[in-house]
Amino acid sequence: MTKIMIVDDETDLREMLNLMLHKEGFETATAENGDDFLNKIDEFQPDLITLDVMMPGLTTREILEKLKEKKTKPKIILLTVVRYSEEEKQKLYQRGIVDYVTKPFELDHLIHTIHKYVLLSPAS
Amino acid sequence: MQNKLKKTKMFRSLTTTLVFAFLALIVVIILISSCLNIYFRLQTQEKVIDGQQQLIAQKAADAVSNYILQKFSELESGVRLGDLGITSQEEEESAMKKLIGLESAFRRLILLNAQGEETVKVSRLSSFASDQSTETLDDPFFLETSKEQRYISSIYVDNVTSEPLVLIAVPIKDVFDDFKGVLVAELNLKFMWDLVDSIKVGDTGVAYVVDMEGDLIAFGDTSRVLKGENLVHLDEVYEFVGGNESLYEGKSEISKGILGNDVVTTHVCLGSPDWAVVVELPVEEAYEDVNQELRLTALVVFLCIVLAVVISVYLSKRITKPIIKLRDATNKVGEGNLDVNIEVSGKNEIGQLARDFSQMTDNLKKSKNELLEAQKDLERKVEQRTKEINEKVNELEKSEAATLNIMEDLQKTVDTLKETQTTIELQNIQLKKLDRIKSDFLNITSHELRTPMSAIKGYIQMIMKRTLGEITEEQKQALNVIVRNTNRLDNLIQDILDISRLESGTMKFISEPTNIQQMVNEAIETTHSLAETKTIHLHAEVEENLPPIVIDKERIKQVILNLINNAIKFSPNGSTIILRVKKETNNILYEVQDHGRGIPKEHQAKIFDTFYQVDSGMDRKFGGAGLGLSIARGIVLSHGGNIWVESTGTLGEGSTFKFTLPLIPVHDLEGKFREVDIFRLKDAKKTIENDLRNKTVIWEEETKEKGE
């Protein structure tokens, strides 16, 4: 079963996504900030994570930097509030981010995006 | 240096060449003529010597031959006078004694009778002296021969005196020509020696007689004759003995002589007896004249050559001297010395050349003088000009001092300007810091406002999709209201954030080449369902083959959507909305035409202001915060375009919203929008900047004027 980890500091949003993805049939886990995520990742070994771009504690850049040292290499979908230019998108792809979804998002759009990368994953 | 050496080596004086040429010519001529002369002289000399020798030899031979013949005649006379062979023995003996007394050369006389018997014998010598003649007399051949003719024997030598002796015999015949006997005489050849010795051959030449065996018979040096020397080893004698007359006859030869020296020699045969006279002339003497001539010729040749050298040198000098003079003159002219006088006279080509050269030099001198004149003139002019220039420079220096004063003033102004600029730059930095704070603030606010909205919308969607269980119809109606209001709230948040970003200049634009047709299609599609709710017909007229232009596609689409949404909102049911896009000279023009109630003239300029709808107290029934047009204006202006509305204000004629976007993109789209700067600080900055720019321009113009 495909494992998805939801990394978000907003409890309500995190739990909503957790419930929704669980209902969609994924095995899910949550983390409330960067440190929490890095602690849990090797244990849960997710295939994909949704990563909130703005969280207290570690910045997104720091999280991505430390993720390099971990054995597990999940696909990352970034949850953001801004749009990115082509140049910026290329930089994101270089750092291991496969796609991004702008808040507030339509649930169907998010699920569609996740399915796009999970289907390509060898784990599924 | 090396080059020079080479040149010197290569150079060969004309004089030397001429001298060598003359010399070679003269020497060759002299040598050829001398050689020919000597050759012919030698030939002649050879012939002369040959002739002389032949003559001498012949003379000698004749002398020897005559001597022998005389002896025969004497013998025959003796026979006739003494009636030998006829008379008695006593008479015969007396006659023979008389004969021997008369002729000292006869050593012995013997009378033989017809039978060859000795009858009478008289001798000058004592009786005991040996008689070698008998050997010959006993020879039968002797008798046979002497019966008919004169006989001469071969030479033999007396054993005691070593004198060469020969027997001669004559036959004795009576009146009937009957053979009566033979008178034999032993002839002493010693007497012939004096004869041979007397033969003169030049000054130092000699003559001698040899017999058929090559034995020496007569010679000046009697001791050699007495020794009975054989001379066959001498070439000339060998020729005679060998009988190779045909090869050498009549020719003087150079060979070894009897005295062992080189001689010119020849021989003549006597015939009878079989002897030959050989004459020898030493080569030195024979060719003495020639040698002398040779020496004289050599001397003359040498003198001629010496004379030739002198003449050659003199002639060559005479020819080349004017040429050398000309060359020296040319060199001097080449070095720039035109005062050259060439002393070359003569009416030949060189003289003509010298005169031409002089003429040329004179012309050159004239030209040079003219040039010098021109140069002096030029120098005078230059001097004058320099003076004028100096005067002008002085004037300029004076004016420069004045300029310097102005420059100082200007410098002060510049300093002041620089101070102002520093102040402005400091303010700029502060402004940028402020911009940064604003940007961060808006980003955080955006995140904080949207995150809860995401949670709310997420749960509503889950409920609506029955993911969390079945819902009643009433619950569904309530949820629809919630969804509608949530969307309104979401849009409002979106608009407020947009306007805030536009006003603070932190709006982020993402420019990319955009296909306009595609963008318009997407906008029509998005608004299609809304239009259908009022049965409004949406019609798009996009000019074909529009070039892709660089814009923020999402933002421009937002503007178009806003205008269409507004049009739908204010249009009556069933009306038509037309979206037109066409190319102008520098712009793309977008038009959205509706058939709504129109906009009164007094409102047309104000409707783009923020919250205008709210302030104006317009009919609230259409909803909206009045931010849409304000955002649209911000986006369009940020793209370097313009936006406005055209409407008569008459009900039913509707209104047309128009905006332009430049064909050449504004690359730095970010922060372009400054019109509604909420802090007004940027306007202040701009004013200062303009002021500064104007001042700089004025200063530059002033400096330019003074520089000229």
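A residue is called buried here if 20 or more other C-beta atoms, placed from the backbone, lie within 10 Å of its own. This is a predicted model, in which local features need pLDDT of at least 70 and side-chain atom pairs count only at pLDDT 80 or more, while totals for chains, interfaces and linings use all residues. Residues are numbered from 1 along each chain as its sequence is written, and chains are lettered from A in the order in which they are written.

Select chain B to begin: 25% of its 708 residues count as buried, and its secondary structure comes to 19 helices and 18 strands, these being DSSP runs (H or I, at least four residues, for helices; E, at least two, for strands) numbered from the N terminus.

Next, bring in chain A and look at where it meets chain B, a contact that takes 16 residues from chain A and 17 from chain B, two residues being in contact if their C-beta atoms lie within 7 Å. Select helix H12 (residues 349-464) of chain B, which supplies 12 residues, the largest share of the side that touches chain A.

Finally, select helices H15 (residues 553-570) and H18 (residues 628-638) of chain B, whose axes, lines fitted to C-alpha atoms over the stretch in contact, come within 9 Å and cross at roughly 145°, with angles running from 0 to 180 degrees between N-to-C directions. Display the side chains that make this contact, among them Ile556(B), Val559(B) and Leu563(B) of H15(B) and Ala632(B), Ile635(B) and Val636(B) of H18(B).

Notes: A residue is buried if 20 or more other C-beta atoms lie within 10 Å of its own, exposed if 12 or fewer, and partly exposed in between; C-beta atoms are placed from the backbone.
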